[in-house]
Amino acid sequence: MSGEEKEYDVVSHSFPKVDGEALAKGRKVFLDDIENSTDLVASILTSPFAHAQIVDLDTTKAEKVPGVESILHYGNVPRVPHTTAGQGYPEPSPYDAYIFDDRVRFVGDRVAAVAGTSWEAVQEGLQAIEVEYKELDPILDPDRSRQSEIRIHPEEDSTGIYDPEKNIAAHVDIEVGDAGAALADADVVVTAKCKTQFAQHAPIEPHIATAHVDEYDRLIIRTSTQVPFHVRRIVSQVVGVPIKKIRVIKPRVGGAFGVKQEILLEDLVSLFALRTGKKVKMRLSREEEFVSSRTRHPMEVEVELGASKDGRLKGIRMEALSNTGAYGTHSLTVLSNVGSKTLPLYNEAPDVHFYGDAVYTNMPVPGAYRGYGAPQGYYSLEVAMDKLAEEVGMDPIEIRKINHIQEEETSPIFEKLGEGKEGTVQYIHSCKLDECIDVGAERIRWGERGSIKEAHDTEDKARGFGMSINMQGSGIPLVDLAAARLKLNEDGSFNLFVGATDLGTGSDTVLAQIAAETLGVDLDNIVVYSSDTDFTPFDSGAYASSTTYVSGNAVKKVAEDVKSQIIDLAATQYGADSKDLEIEEGRIHTPGGTIDLSDFAILTTSGELELDQQQIEATASEVPAESPPPFAAHFVDLEVDKRTGEIEILKYVAAVDCGTAINPNLAEGQMEGAIVNGIGYALTEEMEFSNSGEMINPSFFDYKIPNTEDIPEVEVILVESEEPTGPHGAKSVGEIGIDGAIPAISNAVRDATGITITESPFTPEKVWKKLQEAK
Amino acid sequence: MELEFTVNGREYVQDVPPDTRLIDFLREDLNLTSVKEGCGVGECGSCTVLVDGKSILSCLTYMPEIDGKEVLTLEGITDGDELHPLQQAFIDTGGVQCGFCTPGFIMVALELLNENPDPTRDEIRKWIEGNICRCTGYRKIVDAIELAARWMREGQEAVEA
């Protein structure tokens, strides 16, 4: 099905972002710029203890601080069990969170919040709140937590927790065939057990939200979010205002990566606005963003592979232990994705067992983070694949090629394991993974790596090459809903209204391109308006690699509908048959001649039309039946300094099959950004904690995100396929780029030195220690 | 404390509390909101502006430090509404993704191109190392600065010819 070359006018072209000029000019498009000054500002008092009961909370002194106008705490807000996860209703995450509780569960947990007329007044007010804590034993380790008598969620009103007695938030256990028997029968068995760390999203714009009550008593929330519709629903749920009274507007978002798929400030700004009648702004400082927002689930994943002597996989066992911190937001779904986004890749193995727990601890709260469990799964899986290759004497590339999924094939995992529940049957319609592997191998000079290593290896430095392959998905099948509305204006332009949420990714541009291509008009005739719950139709939000594929299909559908309305009306007007009409490059071609869409559009609203004038418009919904995976191959060429344990990446190449790249430049941008984020995750990025569970490096100085001097330029190659179920052949590409770096780098270090680094990040200290052990 | 300075070519003689950070003065008093606060402690570069042609972090700079000096923000790098070559290049190459860090990158790139109109890619990468971008992976930002440098040199040659 793939391989067909299609000619596109708008799609498959690298148009500049539709919001590019506003951003490059630094115009007021971010929330802190739009709402540069509000009546009130507010901040949160957070817990200094990892685990404690609040015995008493006294706000008497704080109330007297000049400028302080409102204080919120567990004693004066509704107690509504909910999840902060911005997921589709009903959410697969436990309802274990409260606006405020009389118990705090991690250093950084909410204790109270103060709104006042200035940041200084708010700070003074926060400091004046007197809190008496009764410290409880903190549990920082997930395995200890499962066996502990101490319960992190003893409250009786939480729901959806898998086993509150054992602090297990979520549990997954699925088996296809009999993996135990397959492993016992296999000629070769290898295992890998790898551990990942707490890591942060670190969008450069921290969380920010404002709220006010308008002239009609409606609550207007502006927030830098990935999920405006879920924000509206969850604020309604916890604050007790009906959905019809709430409007949520998303401005431009300064990066998100999953951390803005959480409701972190919106409930509080809403309560303050309702109580004071004033406009309130809250924003997290960088330190608060690190300590109190969300992180990536640290995990320990063990993979056991069984194969025949010729390297064909017979069975896979994968066990995951996920640390979900103080709350279970995304605990089940991220855990599920560790298996569901990795195991179908190797469908050669008929027998597969995946199981694991997501366990509460008194640590910061992991949530959604680009990749969503897949990077943790791929680390162990791809390290194990390299061990298997060595064991059976095959090239790492060849062993992957004979085991990975191909076009028109399926995996039973697709049906067994979805996002926190059963999945859906799915066949692969487009897969150019072999081409990705081949082009990546060529660029990294895989075939010459033996001689390159020989030429460069010294007593102190060892050169190594490594690779990994990955798949992700394109949205959540039969769960996501995306809708789009399109209306024709008198000049032949169109307003495109989408609930879909551009986080800076360029999705407004991509969706406009899909509309323009489908309609047969220029891109500049599509005016996009996105993510305003009063004016745009529903969209689940920007997560799970859903926007290009799911929202894109909604846009394609609505554009087809509007196009056929235009054609039908024009056919009647000009006495022709609809099937003989076509719209191309903004002109309607009829058997009797050609008319500019702009000339016809003005007729549709004027008395000049022989028929009734009318607003041509439509709304379309898309619920995806499938989630076609994008595929990628990552390659790295690096050098390990054996004296210091330092890893220097010399070259990094990744090739990706994302179907048709609707905007190749933006697709590359998604990959390049995700890869660099992935390299940071592999080498330097780690939230570090004291023995009492306090993060000790909450700054960019101590939490090291790659800059231009830390890494070389990554090279991305788009290997296009044609996904028949996608809009103009497209699949999504937002997450997959982050899956490959950890295993590819680990495999390259092994190639260079013989040691297997099983714990990220690969700091010089860890590498050096392993090298000493191996001596 | 009375200070005299210019911002984007306009002169100010103003009484400013000496503990006022430059970023707050620019954003709140002058409404120049291209200047972004990404960390507040000088580690991300999003608040970069030029003072007498040199890039500084406005979140670490207090108002007395700009007494008698010229401040330039992104709002002031062109007259009127036209795009500076750097802005156009950031748009064209995809150097802008979410755009939050973009003003800081453009300001630091402007300083570079004023000093070195023909930098190599390595020189560009070295120069911008103090600025963090979480979206692009930097490649397209380097592309943008390289492209703008070429346009500016060609424009200069055209003027000289």
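Helices (H or I, at least four residues) and strands (E, at least two) are DSSP runs, numbered here from the N terminus. With those elements as landmarks, Pro90(A) is found in the loop between strand E3 (68–73) and E4 of chain A, and a cis peptide bond with omega of about -5° joins Tyr89(A) to Pro90(A). The model is a predicted one, in which local features need pLDDT of at least 70 and side-chain atom pairs count only at pLDDT 80 or more, while totals for chains, interfaces and linings use all residues. Residues are numbered from 1 along each chain as its sequence is written, chains are lettered from A and ligands numbered from 1 in the order in which they are written, and side-chain values use heavy atoms, with hydrogens and water left out.

**Interface between chains A and B**

- Taking contact to mean heavy atoms within 4.5 Å, 43 residues of chain B are in contact with 51 residues of chain A.
- The two chains bury about 4,000 Å² between them, 52% of it on carbon and sulfur atoms, where buried area is the accessible area (1.4 Å probe) that two parts lose on being put together, summed over both.
- Of the area that chain B buries against chain A, 21% is supplied by Gln97(B), Arg125(B) and Arg134(B), more than by any other three residues.
- Between chain B and chain A there are twelve salt bridges, each being a side-chain nitrogen of Lys or Arg within 4 Å of a carboxyl oxygen of Asp or Glu.
- Asp33(A) forms a salt bridge with Lys36(B), and the closest N and O atoms of this pair are 2.8 Å apart.
- On the side of chain B that touches chain A, at least two residues each come from helix H1 (22–29), helix H2 (85–93), helix H3 (102–115), helix H4 (121–127) and helix H5 (139–160) of chain B, and H2(B) gives the most, with four residues.

**Five-stranded sheet of chain A**

- Five strands of chain A form an open sheet in the order E7-E15-E14-E13-E8, with mixed pairing; two strands pair if DSSP finds at least two bridges between them.
- Strand E7 (168–176) and strand E8 (188–195) of chain A are the edge strands, each pairing on one side only, and the twist averages 5° from one strand to the next.
- E8(A) pairs with strand E13 (residues 299–307) of chain A in the antiparallel sense over eight bridges, and the bridge partner of Val189(A) in E13(A) is Gly306(A).
- Helix H11 (residues 374–392) of chain A packs on this sheet, touching E8, E13 and strand E14 (313–325) of chain A, and its direction makes about 145° with that of E8(A); axes are lines fitted to C-alpha atoms, for helices over the stretch in contact, and angles run from 0 to 180 degrees between N-to-C directions.

**Other strand pairings of chain A**

- A further open sheet, of three strands in the order E20-E21-E22 of chain A, has antiparallel pairing, and the edge strands are strand E20 (582–584) and strand E22 (593–596) of chain A.
- In this sheet the twist averages 30° from one strand to the next.
- Strand E24 (residues 631–641) and strand E25 (residues 646–657) of chain A pair in the antiparallel sense over eleven bridges, and in their hairpin, which has four residues between the strands, Gly645(A) takes a positive phi near 80°.
- E25(A) is joined by five bridges to strand E26 (residues 714–718) of chain A, and these two strands run parallel.

**Salt bridge within chain A and backbone exceptions**

- Glu155(A) forms a salt bridge with Arg105(A), the closest N and O atoms being 3.0 Å apart, and the pair links distant parts of the chain, 50 residues apart.
- Most residues other than glycine have a negative phi, and most peptide bonds are trans.
- The peptide bond from Ser760(A) to Pro761(A) is cis, with omega near -5°, and Pro761(A) lies in the loop between helix H20 (741–753) and helix H21 (764–774) of chain A.
- Ser531(A), although not a glycine, has a positive phi of about 60°.
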